[in-house]
2 protein chains.
Amino acid sequence: MIPVRMMRKMVWERSMNKLSRGLSSSQIRKPRPPSLVSLDLIDEWSSTFTHSHSPPIQKSINSDSARIIDGRSAAEEIKSSIAVEVSRMKESIGKVPGLAVIMVGQRRDSLAYVRNKIMASHEVGFRFSIAELPESCTEDDVCDALSNYNKDASIHGILVQLPLPQHFDEGKILNVLSLEKDVDGFHPLNIGNLAIQGREPLFIPCTAKGCIELLLSSDVEIVGKRAVVIGRSNIVGLPTFLLLQRHHATVSIVHAYSENPEIITREADILVAAAGVPNLVRGSWLKPGAVVLDVGINPIEDPESEHGYRLIGDVCFEEAVRIASAVTPVPGGVGPMTVAMLLLNTLEAAKRALCFT
Amino acid sequence: MIPVRMMRKMVWERSMNKLSRGLSSSQIRKPRPPSLVSLDLIDEWSSTFTHSHSPPIQKSINSDSARIIDGRSAAEEIKSSIAVEVSRMKESIGKVPGLAVIMVGQRRDSLAYVRNKIMASHEVGFRFSIAELPESCTEDDVCDALSNYNKDASIHGILVQLPLPQHFDEGKILNVLSLEKDVDGFHPLNIGNLAIQGREPLFIPCTAKGCIELLLSSDVEIVGKRAVVIGRSNIVGLPTFLLLQRHHATVSIVHAYSENPEIITREADILVAAAGVPNLVRGSWLKPGAVVLDVGINPIEDPESEHGYRLIGDVCFEEAVRIASAVTPVPGGVGPMTVAMLLLNTLEAAKRALCFT
């Protein structure tokens with residue numbers, strides 16, 4: 001079942017209540033003993049069900065509409081070149097890259113993502129392995145599965161499908177993952193090396209890398225431009241910020257506690273929406289001519305669709321397409337690129353491990 | 001000798017020439033093979049010697065002027081409380097925190113910084129050790145000195161005074177430094193843990209930590225506010241961005257390749273200037289009522305001063321004081337706080353190592 005709140009048309013508004021619920025002023029004001037984790041907040045974007053704010057459904061797009069950035073065909077192109085490399089590797093040394101996924105529980109969205117990864121792996125000729133653990137398993141069970149894949153020479157990339165059930169300590173589990181196989185690039189050492197000028201991470205997180213690839217392949221100028229990332233998750237917002245910054249954009253991060261987010265987003269030449277809130281970004285949030293990358297993949301109920309639901313992004317596509325110069329659709333935009341980048345990272349990991357150039 | 005360019009009154013302007021000199025478009029457009037280091041640019045803020053842009057020297061400050069944030073007295077207070085802790089430690093377990101500095105060459109600014117650290121260490125009762133190496137030494141010499149301090153149980157914090165001479169690989173050297181003694185907090189694992197929500201770095205880089213302490217002790221609200229950091233150095237700009245973000249500001253980084261930086265800085269409720277360019281930030285760069293932290297410490301010639309030069313910040317103080325609501329002076333603002341935070345980090349390191357609570 002899709003939760004009711006997901007079915008709502010959401011508009012964003014900052015609620016001071018939320019802030020006071022989340023964090024007392026004494027928490028903010030006492031940095032000693034220094035605990036950053038004690039400051040952490042859940043970025044829950046408050047939402048209201050308001051029909052008055054619903055965008056008019058615009059079935060046909062007028063002739064002035066934005067260019068649609070086709071992530072699916074860009075991803076296909078990358079996968080084709082990966083497949084060629086895999087063939088060359090197989091012929092040359094008799095080996096192929098191996099990707100392993102650890103999956104805990106049966107979240108429907110996670111199942112769909114994993115299915116995509118399996119299909120894509122087969123498409124390019126990778127070996128694929130999955131460890132499916134029940135939601136009732138322990139952290140040790142997950143760590144054991146990780147350790148086995150760490151030792152398995154036929155596996156070059158490992159990822160733990162996130163989010164893990166709430167009672168798991170993600171950080172502790174990810175610490176077990178061999179750095180050389182961390183194809184998601186979420187290890188703090190990788191993130192540190194992504195952040196620091198002069199350093200090179202072993203892997204760049206897949207969605208961030210996919211976003212930059214889409215910009216570059218669409219001939220979007222990045223250097224010196226204003227880029228705004230909406231959302232500051234460890235897996236998308238943060239690495240995308242860091243990567244845009246390494247590419248010399250002038251980057252801001254907007255999050256659920258930002259005051260007047262739409263004023264900031266309206267300054268963006270490049271906008272990356274990764275808040276996980278359907279239709280958060282309205283036309284009025286956009287600078288005319290902006291390039292908009294929509295990372296959101298939000299299921300909403302739709303009785304007419306085959307599975308009873310369909311996917312929409314964080315950006316109100318019908319409105320964006322009339323104001324932006326280019327925009328990614330959902331589905332078919334950033335999503336396929338994320339999977340392609342995962343394959344690319346795994347290919348790199350295999351090449352490094354096997355000293356294949 | 002102070003370089004001639006340092007004596008100039010500088011105004012900042014973005015030069016497209018600089019961009020094309022620094023980086024060709026083909027470098028930007030080819031992310032594969034992915035090398036972020038190949039994208040790195042030297043953030044050289046172009047400057048022009050223009051008398052017409054000189055600020056009027058305003059000796060007396062009018063009554064509407066900003067509150068001056070007194071970093072010196074805030075730092076003294078922190079040092080006093082550290083001294084108390086050191087006494088308690090000495091009485092209780094007969095040990096004191098030990099700080100070691102590795103210094104290569106004889107840069108005048110580095111000598112001054114190290115002198116401050118020695119004095120401050122003695123003030124609070126720390127043991128202090130310094131390894132002074134000639135500019136002609138090798139990377140191995142520096143690594144040997146580091147390894148010795150790593151093994152020395154009486155030393156709990158080590159720092160390599162930066163910048164190192166150009167022919168040194170800073171990253172390689174810092175990798176040798178024991179994480180538990182990295183009181184500067186520059187190791188990529190520390191930076192990664194500073195960046196990632198849910199994680200805690202062992203040490204927060206001193207200047208970033210000093211800036212936040214000044215904001216907190218000055219009762220400046222951070223959550224949700226627009227913060228702009230000018231400069232994206234690994235040692236100041238980047239960690240300050242990350243720390244402001246962990247404190248839930250809405251943060252942007254402006255750098256030498258940013259277009260129209262003054263438009264962005266004018267949106268800032270909190271502005272941190274860390275570009276290393278004297279008087280870069282003029283009154284017109286500020287939002288009325290902003291809180292301005294000036295990290296710049298730039299020597300300019302002054303025949304009337306004792307040593308023939310004096311220090312000025314990145315912010316044109318005489319102009320800022322009329323527009324901002326609060327501003328740090330140079331000297332006497334962020335500088336003393338950086339040293340105090342180094343002592344605090346070293347105290348923490350010693351407490352951890354000695355299991356002293």
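**Exercise 1.** How many residues does the contact take from chain B, and how many from chain A?

*Solution.* Keep in mind that we're working with a predicted model. Start with the head count: chain B gives 66 residues to the contact, and chain A gives 66 residues too. Next, look at the area. Together, chain B and chain A bury about 5900 Å², with 54% of it on carbon and sulfur atoms.

**Exercise 2.** Find the polar links between the two chains, then work out which elements of chain B supply the contact.

*Solution.* Begin with the charged pairs: there are six salt bridges between chain B and chain A. One of them joins the side chains of Glu267(B) and Arg226(A), at 3.7 Å from N to O. Now count polar contacts, and you get 29 residue pairs between chain B and chain A, both at pLDDT 80 or more. On chain B's side, the elements that each supply at least two residues include helix H3 (25-29), strand E8 (250-254) and helix H13 (334-354). The largest share, seven residues, comes from H8(B). Sort this side of chain B by type and you have 33 nonpolar, 17 polar and 16 charged residues.

**Exercise 3.** Is helix H9 of chain A mostly covered or uncovered?

*Solution.* First, locate the helix: H9(A) covers residues 206-217, 12 residues in total. From first C-alpha to last, H9(A) reaches 16 Å, close to the 16 Å expected. Then check burial: 11 of the 12 residues are buried, so H9(A) counts as mostly covered. Among the buried ones are Cys206(A), Lys209(A), Glu213(A) and Leu216(A). Finally, step past the helix to Asp219(A), where phi is positive, near 60 degrees.

Terms used
Residues numbered from 1 in each chain as written. Chains lettered and ligands numbered in written order. Predicted model: local features only at pLDDT ≥ 70, side-chain atom pairs only at ≥ 80, totals over all residues. Heavy atoms only, no water. Helix = DSSP H or I, 4+ residues; strand = E, 2+ residues; numbered from the N terminus. Expected span 1.5 Å × (residues − 1). Buried < 20%, exposed > 50% of the residue type's maximum accessible area, 1.4 Å probe, protein only. Contact = heavy atoms within 4.5 Å. Buried area = accessible area lost by both parts, 1.4 Å probe. Salt bridge = Lys/Arg side-chain N within 4 Å of Asp/Glu carboxyl O. Polar contact = N/O pair within 3.5 Å; in protein donor to acceptor, adjacent residues only side chain to side chain. Nonpolar A, V, L, I, M, F, W, Y, C, P; charged D, E, K, R; others polar.
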